[in-house]
Amino acid sequence: MPATVGRRVDRLAPVRRVTRGIDRRTVVRTGIVAAVAYAAWLAIGAFGRPYNFFDMKIYHGAVVWWASGHELYEFIAPGTTLGFTYPPFGGLVMLPMAHLPVELAGLVNALASVAALAVVLAGLLRPIVDRLGWPLWFTVALATPLAVAVEPARETLGYGQVNLLLFALIMADLIGLRWRSRRGTHVARTDGPLLRFVYSGAWAGVGIGLATAVKLTPALFIAYLMITRQWRAAATAVGTVIAVTVGSFGIVGTESRAYFGGVLWQTERVGAADMTPNQSLAGLLARLYDSIETPGLLWLSFSVLMLALGLSRAVNARADGDELTAFTLVGLTANVISPISWTHHLVWVIPAIIVLADAAVRRRDASRGLVQRSGQGAYGGPPGVAGLRPPIWYPTLTGLRHGAAAIGLYLLFLISPIWPYEHQLPEVSHYQDGLFGALMENSLALALILLVAALPWRPGAEPAFYADRLGRQGAQGVRR
């Protein structure tokens, strides 16, 4: 007689056994991630523009033209006046995509860019989530679609640009500098010479050097490394730029001479300064003067001021132990002072939002007298520095302005209100829609300038920096 006779058969038992070991919180978090990703997709459709890999088609056409035996910088995309504008090293890096259909090349670039962004976010958010006790995978899974939805990221992906990849190269150096400041911690626990080299951070500077060789604006990070006396990283970056540039001359000398002898100085190849997507200081001034050209002397004067302000604030941020904010300020300053900063260049608002949000959380925790879990002081200061809870009458409001600034900055770059007020001279004046329209058309540029002037840094946000410095100070005290 069958054993199942006389008792009820539980047909769902196998399913229950499988799901029993699954944490309910994991299921809920996965659902939240899916909902956020879908909302980000809807936001891109609502606030983004139609994308068809426009820039990728120019790059793809240029390298196909080059691979067929023509001169790289003689290429002009059909129906446009646009050609290849990157240095020869950039052309060499893009040359393999000549063997791919342009749509596939754009898709590969988009997938690589999103993956690079996720890795960068994991590196930037790791110290924060460790302090707060949040799961890293969940935080990064939420942050990635939220970051992809904002104007710089979606424009980069939609047009087939390389800004997120360059951003990842520069941020890799930030991680390398972190690891160098902790030398001995990771290295001692790591087997194998390769991993020991990686975790030593001795390679820090290579990313900035490669990014500078592809696009000149990251050179400002080399100046920052020199000002802050991070000589090894600065020398590595300079050496990388020289090696790559000289190597490019050796491989494609004709294109290298053409670029550095003429193409580099042909600013008209990239478009008029007053075009709405140019959200740099130069673009702002050109639109305020309602001219296709930027008033040169005025732009130079304000650029020097913004350069001094941005670099000095970055130096102070690093001195207080916040290398992330220092890097962010340098990147934002480069966006502001560059003659052309298209909206897809403005990826530095992503770490700026992270800094503002973390500053809000830190201030709120400090108002409650909470000591950071990472071993820092009660207010984000050096480890071992205790402190009493300050007499705050309204602790629930502490950090509110930083939190509101983070949300406002995110919404500004999510909605990107410049496009409904886009104008093109000489057909339409930039004042066609009055003062409000002019403010909206320049809103992203104004936000960048405000961030350079007022982005807060978080004292002690890099515990390794303080540990390294305090360790040296303690050793000096013992010697004395």
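**Figure 1. Asp-322 and Arg-458 form a salt bridge in this predicted model.** The closest N and O atoms of the two residues are 2.7 Å apart. Asp-322 lies in the loop between α16 (296-319) and α17, and Arg-458 in the loop between α21 (443-454) and α22 (463-479), so the pair ties together parts that are 136 residues apart in sequence. Is Asp-322 buried or exposed? Asp-322 has a relative accessibility of 0%, so it counts as buried. Arg-458 is buried too, at 4%. The pair belongs to a network of salt bridges that links Arg-131, Asp-322, Asp-358, Arg-362 and Arg-458.

**Figure 2. Asp-358 and Arg-131 meet in another salt bridge.** Here the closest N and O atoms are 2.6 Å apart. Asp-358 sits in helix α18 (residues 349-367) and Arg-131 in helix α5, so this bridge ties together parts 227 residues apart in sequence. Both Asp-358 and Arg-131 are buried. Side chains of opposite charge can pair when their charged atoms come close.

**Figure 3. Arg-49 has a salt bridge with Glu-155 and also sits over a ring.** How many salt bridges does a search of the whole structure find? The search finds eight. In the bridge between the side chains of Arg-49 and Glu-155, the N to O distance is 2.8 Å. Arg-49 lies in the loop between α2 and α3, while Glu-155 is in helix α7, so the pair ties together parts 106 residues apart in sequence. Arg-49 is partly exposed, with a relative accessible area of 25%. Glu-155 counts as buried, at 1%. The charged end of Arg-49 also sits over the ring of Trp-419, 3.6 Å from the ring centre. Elsewhere, Arg-29 lies over the face of Phe-138, at 5.6 Å from the ring centre.

**Figure 4. The rings of Tyr-51 and Tyr-159 form an edge-to-face pair.** A search of the whole structure finds 16 aromatic pairs. In this one, the ring centres are 5.5 Å apart and the planes stand at 75 degrees. Why is the pair called edge-to-face? Planes over 60 degrees apart count as edge-to-face, and the angle here is 75 degrees. Tyr-51 lies in the loop between α2 (24-47) and α3 (54-67), and Tyr-159 in helix α7 (residues 151-159), so the pair ties together parts 108 residues apart in sequence. Tyr-51 is partly exposed, at 25% relative accessible area. Tyr-159 is buried, at 14%.

**Figure 5. Tyr-421 and Phe-436 also pair edge-to-face.** Their ring centres are 5.9 Å apart, with planes at 85 degrees. Tyr-421 is in the loop between α19 (400-415) and α20 (434-441), and Phe-436 is in helix α20, 15 residues apart. Tyr-421 is partly exposed, with a relative accessible area of 21%. Phe-436 is exposed, at 52%. In another part of the model, ring pairs link a cluster of residues: Tyr-59, Tyr-73, Phe-84, Tyr-86, Phe-249, Tyr-259 and Phe-260.

**Figure 6. Met-171 is a member of the largest nonpolar core.** This core has 106 residues. Which members touch the most others? They are Met-171, Phe-327, Leu-332 and Phe-413. Helix α5 (residues 102-132) gives the largest share of the core, with twelve residues. Leaving aside neighbours within four places in sequence, Met-171 is in contact with Val-120, Leu-124, Leu-324, Phe-327 and Trp-348.

**Figure 7. Helix α11 is largely enclosed by the rest of the structure.** Seven of its nine residues (206-214) are buried. They are Gly-207, Ile-208, Gly-209, Ala-211, Thr-212, Ala-213 and Val-214. The cover includes α4, α8 (163-181), α12, α13 and α17 (323-337). Phe-89 is in helix α4 (residues 88-94). Phe-89 counts as buried, at 19% relative accessibility. Its contacts beyond four places in sequence are Leu-210, Ala-213, Val-214, Val-244 and Ser-248.

**Figure 8. Thr-228 sits in the loop between α12 (219-227) and α13 (231-251).** Thr-228 is buried, with a relative accessible area of 12%. Its side chain reaches the backbone oxygen of Tyr-224 at 2.8 Å. That side chain also makes a polar contact with the side chain of Gln-230, at 2.9 Å. Not counting residues up to four places away in sequence, Thr-228 touches Val-315 and Arg-318.

Note on methods: Residues are numbered from 1 along each chain as its sequence is written. This is a predicted model: local features need pLDDT of at least 70, side-chain atom pairs count only at pLDDT 80 or more; totals for chains, interfaces and linings use all residues. Side-chain values use heavy atoms; hydrogens and water are left out. Helices (H or I, at least four residues) and strands (E, at least two) are DSSP runs, numbered from the N terminus. Buried means under 20% relative accessible area, exposed over 50%, partly exposed in between (1.4 Å probe, protein chains only). A polar contact is a pair of N or O atoms within 3.5 Å; within protein, one must be able to donate a hydrogen and the other to accept it, and residues adjacent in sequence count only if both atoms are side-chain atoms. Contact means heavy atoms within 4.5 Å. Rings of Phe, Tyr and Trp (its six-membered ring) pair if their centres lie within 6.5 Å; planes under 30 degrees apart count as stacked, over 60 as edge-to-face and the rest as tilted. A charge sits over a ring if NZ of Lys or CZ of Arg is within 6 Å of the ring centre and within 35 degrees of the ring normal. A nonpolar core is a set of buried Ala, Val, Leu, Ile, Met, Phe, Trp, Tyr and Cys residues joined through side-chain atoms within 4.5 Å. A salt bridge is a side-chain nitrogen of Lys or Arg within 4 Å of a carboxyl oxygen of Asp or Glu.
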